[in-house]
Amino acid sequence: MIDPTARCPKWLIDRMIESGGSISFYRYMDLVLNDPKNGFYSTGRLNIGKDGDFCTSPSLGNDFASLLAIQIVDWLLDLETSEIESERFSLVEIGPGEGTLSRDLIMAIHEIAPALISKIELVLVELNLGMRKRQEKVVNNLLGINYRWSNIEDLISRPVTGVVIANEVLDAFPVERLVFSDNNVFRQGLSLKKINDEYLLEFVDLKPTYKIMKFLEDASSLLKIEFPPKDICNRWVTEWHCDIPSWFENLSKILLNGSLLVVDYAMESKRYYSAMRNDGTLIAYKNQEAKSNVLHDAGLCDLTAHLCIESTVNYALSNGWKFIGETRQGQALLALGLSKFLYSLQNKNSNDLSAALNQRESLLRLVDPMGLGEFRWLAFQKENNDDLILSSRFLEEPIN
Ligand SMILES: C[S@@+](CC[C@H](N)C(=O)[O-])C[C@H]1O[C@@H](n2cnc3c(N)ncnc32)[C@H](O)[C@@H]1O
């Protein structure tokens, strides 16, 4: 059935016609987010924050960065006291959005370990020019800090030692959508349907690629994920984050020594690939509203899909990484001392009451199990040095 709200914008009609009339869902997601002239990210149309399209942890204030910086400093000090020789440590942020996390991390590291800051360079890796321009406005105010923007290819040619952070980035990577129908699997695609002089987007079934079939085979043989799960409805839909394996491979080449922290929407394969989740995890965001219709307002809203934890860890392990561990954001931030932050608010003087209440609300949002607290922190270490032990405070039991 055609969705009358799935209007196809002129620029996308042109792209689809150039591609012969239909494209895969993967290509659609890539275009609506990253097309250099029209994508939601590349044009810098995306606004992150309480007054924007959606909130991320760093957009709620600097407490997220202050807590995360405690873990980053631990890792950097472990590197500094190890046998590894490095004149400089890099803090690499992939997909920095508004640039606030990068800025607030540097400020927090400055406060926690001032002696370390002169050894640190900040490297921002941003795919989209529109977002980079926004980051420049925030990061250019950092004085006395070495910082630069780079891309993965340049970093591969001049690898660094340090810590890589990817907060809510992998969920924005384009995904393949798979449709299971009558004992067959299809690659979801989109084509154009002209109704009353208007072009609408329509889902179509495409032949699965070799890579999709290989993913299904590997998921079942290596990870024991049942595809499709029992008792699914006809036309059960799920996703595959097909770009994550090569992302881990490339990242392992940019880092000589150090760690990688991925923070994102994620869930175990049992929940991800369950019969009940019959339309996958994809969601569109705009103006703080989440919508399941991912064809509406193409190029004018964000699209995001959860990560499958086992697949993500497996891709990392196969591409040069050791797994340090994984936990929910709520646990991680409590382990890093969030309750102390909450407690210290009681001692703020009463003139700051409204600021204190706002900060309290933000801290609680960061650990809310129905929201950001449910995000997963997945940490990895570059697999090349068995002597280097990176201490991971965020995985410890929280103490009050
Ligand atoms: C949802 S935003 C996350 C922003 C930020 N990390 C935060 O937590 O507020 C995704 C960001 O990743 C960028 N991005 C998307 N794909 C990317 C890629 N392959 N490499 C680098 N950046 C990417 C987007 O342009 C955007 O800046």
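Helix H11 gives the lining of the largest cavity its largest share, three residues. Before I go on, a word on the model: it is predicted, with local features needing pLDDT of at least 70 and side-chain atom pairs counted only at pLDDT 80 or more, while totals for chains, interfaces and linings use all residues. Residues are numbered from 1 along each chain as its sequence is written, and side-chain values use heavy atoms, leaving out hydrogens and water.

Back to that cavity. By cavity I mean, on a 1 Å grid over the protein atoms alone, a set of points where a 1.4 Å probe fits but cannot get out, and lining residues have an atom within 4 Å of a point. The largest cavity holds about 70 Å³ of space, a volume being the space filled by probe spheres set on the points, which are joined across faces, edges and corners. Of its 13 lining residues, His 241, Cys 308, Ser 311, Thr 312 and Tyr 315 are the closest to the centre. Strand S9 (236–240), strand S15 (307–308) and helix H11 (309–317) each supply at least two lining residues; these elements are DSSP runs numbered from the N terminus, with at least four residues for helices (H or I) and at least two for strands (E).

Which residues line the second largest cavity? They are Ala 284, Tyr 285, Lys 286, Glu 289, Lys 291, Asn 293, His 296 and Cys 301. Strands S12 (283–286) and S13 (289–291) each give two or more of the lining residues, and S12 has the largest share, with three.

Let's turn to the ligand. The space taken by the ligand is the largest pocket, a pocket being an open set of grid points with protein on both sides within 12 Å along at least five of seven lines. Around the ligand are 19 residues, and the closest are Thr 56, Gly 95, Glu 126, Asn 128 and Asn 167.

Three of those side chains deserve a look. A polar side-chain atom of Glu 126 lies 2.6 Å from a ligand oxygen atom. For Asn 167, a polar side-chain atom is 2.7 Å from an oxygen atom of the ligand. In Asn 128, a side-chain N or O atom lies 2.9 Å from a ligand oxygen atom. And how much of the ligand does the protein cover? On its own the ligand has 600 Å² of accessible area (Shrake-Rupley method, 1.4 Å probe), and the protein covers 93% of that.

Conventions. Near = heavy atom within 4 Å. Polar contact = N/O pair within 3.5 Å; in protein donor to acceptor, adjacent residues only side chain to side chain. Sits in = over half its atoms within 2 Å of the grid points.
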